[in-house]
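Trainee: I would like to learn how to read helix packing and pockets in a model. Where do we start?

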Amino acid sequence: MTLWRRTPRDAILVTYSVAQFAVVPWLATGWNTSSTPVRGAAFTLLVLLTTYNVVVVTHVFTHVPWFRNPALNALASMVNSVNIGQSVQAYQLTHVRNHHRHNNDRPGPGGVTRDTSSTYRRGRGGEHAGLLRYALGGALSSLAGRGAEILAGYRLWRVGPREHQLLSLATRTPHRRRRELNQIRLDRAAHCGSLGVFAAISWQWTLLCYLPAWFLALALVNVQNYYRHYGARPGDRAADAVSHYGRLYNLLTFNDGYHQEHHLRPNAHWSELPAVRERHRCVLDGTTRVVSPVPAMLGFLHRDRPMLHRAAIPGAPPGGEL
């Protein structure tokens with residue numbers, strides 16, 4: 001029986017995860033004796049490693065776990081929870097079962113979006129929230145959440161009764177629900193334990209490098225998500241996300257640019273996304289939608305981006321399954 005759930009090419013992502021897991025504490029060991037330029041380089045590297053892991057590596061894993069063996073997937077979840085500073089299993093629940101269910105929706109009658117990561121969540125008048133408010137506000141919220149998890153060590157990081165969103169998103173099948181909630185607990189223990197290790201190696205590095213780099217990485221991840229949806233048309237399955245088809249970018253990011261296609265088929269493996277585009281080419285090419293000439297992280301450079309969310313486009317296909 002093969003080790004891999006889909007393809008041996010996922011070994012590249014596993015290698016990245018293990019490499020980051022090893023490099024980060026190594027950066028901590030040299031902090032106290034390093035020069036200012038070296039510290040700046042280490043900080044930048046940590047930001048880039050964490051951002052890439054969230055945007056690409058962990059994102060791919062949450063949709064299609066790499067291994068056939070559940071124990072290996074559980075271990076990969078714990079390793080990447082250390083790498084991204086939060087539970088991968090919790091991210092899987094909020095991203096796959098919330099974001100991809102509600103697809104960056106607008107506020108409903110109660111003034112609240114069902115997608116908790118929606119770019120419209122704190123917007124006004126049917127507009128997206130401001131970029132800085134979305135990016136920094138989301139990072140601050142994550143920082144507060146991680147602080148609460150550290151304090152929850154007294155209950156061994158179990159999902160508490162007040163964590164309503166995670167409890168509501170966990171599957172209702174009893175044995176699977178136990179496994180998911182227990183994985184969150186293991187992920188949190190791994191992450192909090194790593195903070196203790198980092199502080200033991202160098203508390204100066206932990207406070208002055210790791211935590212600021214982690215915060216900046218989360219803000220950049222929010223910028224990425226913002227421009228993956230900025231200007232797109234909510235409720236239209238063929239135009240509710242933004243794709244970028246640059247070959248080099250998609251080679252380096254495992255087809256991360258195929259975001260509209262990813263929204264059409266969230267469970268498609270990264271290697272299948274170009275085929276998803278071909279399968280739905282007639283509908284996608286026949287729909288007025290946002291295609292960015294730059295990757296989402298640089299979406300602010302897309303100056304002439306059409307604002308499809310501001311008005312219904314005549315002739316657009318109705319929402320629904322494609």
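Mentor: With contact, which here means heavy atoms within 4.5 Å. Note also that this is a predicted model.

Trainee: Which residues in H1 meet which residues in H3?

Mentor: On the H1 side they are Ser17, Gln20 and Phe21, and on the H3 side Val79, Asn80, Val82 and Asn83. By class, this contact has three nonpolar, four polar and no charged residues.

Trainee: How is the packing of two helices described?

Mentor: By the angle between their axes and the distance between the axes. Here H1 (residues 11–29) and H3 (residues 70–84) pack at about 50°, and their axes are 9 Å apart. The two helices are therefore oblique to each other. The crossing of H1 past H3 is left-handed.

Trainee: Now the pockets. What shows where empty space is left?

Mentor: Rolling a probe the size of a water molecule over the atoms. In this model the largest pocket has a volume of about 1,300 Å³. Its lining has 42 residues, and Thr94, Thr116, Ser117, Ser141 and Ser142 lie nearest the centre.

Trainee: Which helix gives the most to the lining of the largest pocket?

Mentor: H5, with ten residues. The lining of the largest pocket divides into eleven nonpolar, 21 polar and ten charged residues.

Trainee: What volume has the second largest pocket?

Mentor: About 650 Å³. It is lined by 22 residues, with Arg5, Pro65, Asn73, Gln89 and Arg179 the closest to its centre. H4 provides the largest share of this lining, five residues. By class, the lining of the second largest pocket has seven nonpolar, eight polar and seven charged residues.

Note on methods
Residues numbered from 1 in each chain as written. Predicted model: local features only at pLDDT ≥ 70, side-chain atom pairs only at ≥ 80, totals over all residues. Heavy atoms only, no water. Axes fitted to C-alpha atoms, helices over the stretch in contact; angles between N-to-C directions. Helix = DSSP H or I, 4+ residues; strand = E, 2+ residues; numbered from the N terminus. Parallel < 35°, antiparallel > 145°, perpendicular 65-115°, else oblique. Left-handed = near helix turned anticlockwise from the far one by under 90°. Nonpolar A, V, L, I, M, F, W, Y, C, P; charged D, E, K, R; others polar. 1 Å grid on protein atoms, 1.4 Å probe; cavity = no way out; pocket = protein on both sides within 12 Å on 5 of 7 lines; lining within 4 Å. Points joined across faces, edges and corners; volume = space filled by probe spheres on them.
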